[in-house]
Amino acid sequence: MSVNTETAAKMQQIVLAGPRGFCAGVDRAIDIVELALQVCPYPVYVRKEIVHNRHVVEALRAKGAHFVDELDEVPDGATVIFSAHGISPAVRDEAQRRGLRVIDATCPLVTKVHLEAIRYAREGYSIILVGHADHDEVVGTMGEAPDRMFLIAHPEDVDRLNVADPDKVAYLTQTTLSVDDTRDCIEALRRRFPKIVGPSKDDICYATQNRQAAVKTVASEVDVLLVIGAANSSNANRLVEVSRVMGTPSHLINDKNDVRSEWLEGAHRVGVTAGASTPEFLVTEVVDEIRRRRSSDVREVRVVEEDVRFGLPRELEDMAQRAGKTLPPRSTVAGSGA
Ligand code: SF4
């Protein structure tokens with residue numbers, strides 16, 4: 001075999017899925033911590049991981065943010081930021097009772113689900129939440145009406161539901177679920193409770209839907225798909241599942257150090273995407289790592305453009321004003337890899 005033929009045999013293609021990585025809710029949450037560190041009195045606490053990504057958390061920790069699991073680790077009167085996944089009213093009440101200065105970084109699309117839960121509870125519905133137990137978002141949403149909310153994760157769970165009035169049932173969904181699995185759950189709910197009410201489709205957010213749509217397109221073209229994201233990131237795990245359901249092997253990796261050579265062997269095309277909490281610099285590093293091991297060209301398949309951007313919470317601007325400071329422009333420095 002000539003050298004040229006040998007080189008050609010080693011050539012492969014990396015197919016990047018688009019959109020990928022940060023969504024508007026994550027962008028906003030990171031900006032909130034960045035800005036709070038600049039305008040709020042030191043120290044600034046963050047309850048739970050602001051978003052589910054170790055690299056993001058470490059970058060913010062290096063800049064001075066104190067991450068805690070619960071409010072009892074926050075001194076009275078201090079500033080605390082609630083994460084993008086949302087909180088239950090019990091946590092909010094506790095913060096108020098303790099006189100903490102709260103900045104709420106809950107994604108507005110998660111807040112929307114909370115408001116739906118409050119409305120259905122007020123109207124006397126039993127509420128079925130489709131979601132994953134123990135995820136921060138689900139814990140927060142269930143807390144809005146713990147006496148009348150039921151959690152299901154699979155269509156099979158519908159049969160064991162025991163509600164007060166089968167004619168007065170509503171459903172909600174976690175924002176980061178698999179679009180296809182959720183449709184199956186909702187269909188099962190509709191079969192069991194024909195009068196069930198809920199959102200016109202589901203509460204799965206635009207970013208989750210777009211990233212799954214991109215994975216469906218890319219997975220149909222590649223031999224293996226690498227999803228960059230944390231093990232506790234719901235939307236990143238769903239991207240792996242979507243690819244596997246399509247018959248394309250997929251692996252969840254934290255960063256370039258997790259890339260295994262055996263996944264690349266024999267793969268002519270390698271897909272790469274990232275969950276909504278994953279900074280783009282990790283994607284760049286993974287692509288560079290694959291190219292370091294095997295000569296590859298890079299192509300992006302973008303199924304939709306996103307231009308969603310959420311405003312900052314009012315309380316952050318109020319705090320800046322009280323401190324006689326002006327909020328600097330938003331930048332999401334933690335996502336730059338700097
Ligand atoms: S994944 Fe969706 S719901 Fe979650 S923070 Fe991003 S935009 Fe908001």
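Two strands are taken to pair if DSSP finds at least two bridges between them, and in this structure Ile128 has Phe150 in strand 7 as its bridge partner. The model is a predicted one, in which local features need pLDDT of at least 70 and side-chain atom pairs count only at pLDDT 80 or more, while totals for chains, interfaces and linings use all residues. Residues are numbered from 1 along each chain as its sequence is written, and side-chain values use heavy atoms, with hydrogens and water left out. Helices (H or I, at least four residues) and strands (E, at least two) are DSSP runs that are numbered from the N terminus.

- An open sheet of 3 strands has the order 7-6-8, and its pairing is parallel; the edge strands, each of which pairs on one side only, are strand 7 (149–152) and strand 8 (169–173).
- Neighbouring strands of this sheet are turned by 25° against each other on average, direction ignored, where axes are lines fitted to C-alpha atoms, for helices over the stretch in contact, and angles run from 0 to 180 degrees between N-to-C directions.
- Strand 6 (residues 126–130) pairs with strand 7 in the parallel sense over 4 bridges, and Val130 has Ile152 as its bridge partner in strand 7.
- Bridge partners also include Ile128 and Phe150, the latter in strand 7; from strand 6 the chain crosses through helix 6 (residues 136–142) to strand 7 in a β-α-β crossover that is right-handed, a term that applies if, with the strands pointing away from the viewer, the path from the first strand over the helix to the second runs clockwise.

**Helices across the sheet**

- Helix 5 (residues 108–122) lies across strand 6, strand 7 and strand 8, and runs at about 170° to strand 8, with contact meaning heavy atoms within 4.5 Å.
- Helix 7 (residues 179–192) likewise lies across strand 6, strand 7 and strand 8, running at about 175° to strand 8.
- His114, a residue of helix 5, counts as buried at a relative accessible area of 6%, on a scale where buried means under 20% relative accessible area, exposed over 50%, and partly exposed in between (1.4 Å probe, protein chains only).
- Leaving aside residues up to four places away in sequence, His114 touches Ile87, Gly140, Thr141 and Glu144.

**Aromatic rings and charges**

- A search of the whole structure finds 1 aromatic pair, namely Tyr120 and Tyr125, which are edge-to-face at 5.4 Å centre to centre with 75° between the planes.
- Rings of Phe, Tyr and Trp (its six-membered ring) pair if their centres lie within 6.5 Å, and planes under 30 degrees apart count as stacked, over 60 as edge-to-face and the rest as tilted.
- Tyr120 is buried, because its relative accessible area is 5%, and Tyr125 also counts as buried, because its relative accessibility is 14%.
- The charged end of Arg119 sits over the ring of Tyr120, 4.7 Å from its centre, and the charged end of Lys168 sits over the ring of Tyr125, 4.4 Å from its centre; the criterion is that NZ of Lys or CZ of Arg is within 6 Å of the ring centre and within 35 degrees of the ring normal.

**Loops and backbone geometry**

- The peptide bond from Gly18 to Pro19 is cis, with omega near 0°, and Pro19 is placed in the loop between strand 1 (12–18) and helix 2 (24–39).
- A cis peptide bond also runs from Tyr42 to Pro43, with omega near -5°, and Pro43 lies in the loop between helix 2 and strand 2 (44–47).
- Lys48, in the loop between strand 2 and helix 3 (54–62), has phi near 70°, a positive value in a residue other than glycine.
- Asp134, in the loop between strand 6 and helix 6, has a positive phi near 80° and is exposed at 69% relative accessibility.
- Asp147 is in the loop between helix 6 and strand 7 and is exposed, with a relative accessible area of 77%; Asp147 and Ala121 are 9.3 Å apart in space, C-alpha to C-alpha, and 26 residues apart in sequence.
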